[in-house]
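Hello,

Here is the structure I promised to pass on. Please have a look at it first, and then read my notes below.

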Amino acid sequence: MYAEPSVPFDVIPNFVKKLCDVKHLKLSGNISESLELAGVLSISFPTFINLITLEVSFIKTQQVKSLFSFLRFSPNLESLVFGRVCYGDEVNEDAFTLDVVPHCLLMNLKSIKFQYFEGQLKELDLVQLFLQNARVLQTVIIEISSDHFVSSDKKKHSAKDVEDLNMKIMEQLLKYKWASTDCVIKLSSSPV
């Protein structure tokens, strides 16, 4: 008979405490999910006082609340990079509202980059959440996924298709008031 090895309850919190002095941190979606499940994102979570850059390889839209909980413990964060935003049907609309705006959004977060962006509504909701709350945000870079420009019959799309998508994204983002009047959105895309 085979038994799964059990992980002591304090392993994850102790591991996280040892990381709290890093300047650059890259999280995978599995790590964010593990932190959430372990209840690590609580009041006793250590502050990442030196963290300047956070890369999230992918995040599920269901984990947005956990991400913002983590950002509460990253007061000096200046740069945030999302590798991919994965969206699902099970997203609670409450996930895209903030009870407390993290300090980094009010005072330090200057740039956000979204890679492999597909232009889906939940991705736009996440971008909009940052735009509405990040007061010193200077740049948002959105890199449109090249997969978006390949049709099911493998037909290549034109530069006009790229321009139309860029316009559609900007129209959505301009519907709301942004917290930073100095923010510039840079859309990067090219047809396949």
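Glu143 forms a salt bridge with Lys113, with 3.3 Å between the closest N and O atoms. By salt bridge I mean a side-chain nitrogen of Lys or Arg within 4 Å of a carboxyl oxygen of Asp or Glu. Because Lys113 lies in strand β6 and Glu143 in strand β7 (residues 139-144), the pair ties together parts that are 30 residues apart in sequence. Lys113 is partly exposed too, at a relative accessible area of 26%.

Before going further, a word on how to read this. The model is predicted, so local features need pLDDT of at least 70 and side-chain atom pairs count only at pLDDT 80 or more, while totals for chains, interfaces and linings use all residues. Residues are numbered from 1 along each chain as its sequence is written, and side-chain values use heavy atoms, with hydrogens and water left out.

On confidence, pLDDT is the predictor's confidence in each residue, from 0 to 100. The protein has a mean pLDDT of 81, and 74% of its residues reach 70 or more. Strand β4 (residues 79-82) has the highest mean, 97, and helix α2 (residues 29-37) the lowest, 59. Over residues 1-7 the pLDDT is below 50, and this stretch has zero contacts in the model beyond near neighbours in sequence, a contact being heavy atoms within 4.5 Å. Where pLDDT is low, the predicted coordinates should not be read in detail.

Now the overall layout. The protein has six helices and eight strands, which run α-β-α-β-β-α-β-β-α-β-α-β-α-β from the N terminus on. These are DSSP runs numbered from the N terminus: helices are H or I with at least four residues, strands E with at least two. Of the 192 residues, 39% count as buried. Among contacts between residues at least 6 apart in sequence, 85% join residues at least 24 apart.

β4 pairs in the parallel sense with strand β2 (residues 53-56) over four bridges, and Leu80 is the bridge partner of Leu54. β4 also pairs in the parallel sense with strand β6 (residues 111-117), again over four bridges; there, Val81 has Lys113 as its bridge partner. Strands count as paired if DSSP finds at least two bridges between them.

Back to the charged pairs: the count comes to five salt bridges. Besides the one described above, Lys110 and Glu78 meet through their side chains at 3.9 Å, N to O. Lys110 sits in the loop between α4 (103-107) and β6, and Glu78 in the loop between α3 (64-71) and β4, 32 residues apart. Lys110 is partly exposed at 32% relative accessibility, and Glu78 is partly exposed at 29%.

Glu118 and Arg84 form another salt bridge, at 3.2 Å from N to O. Glu118 lies in the loop between β6 and α5 (121-133) and Arg84 in the loop between β4 and β5 (85-86), so this pair ties together parts that are 34 residues apart in sequence.

Best wishes

Note on methods:
Buried means under 20% relative accessible area, exposed over 50%, partly exposed in between (1.4 Å probe, protein chains only).
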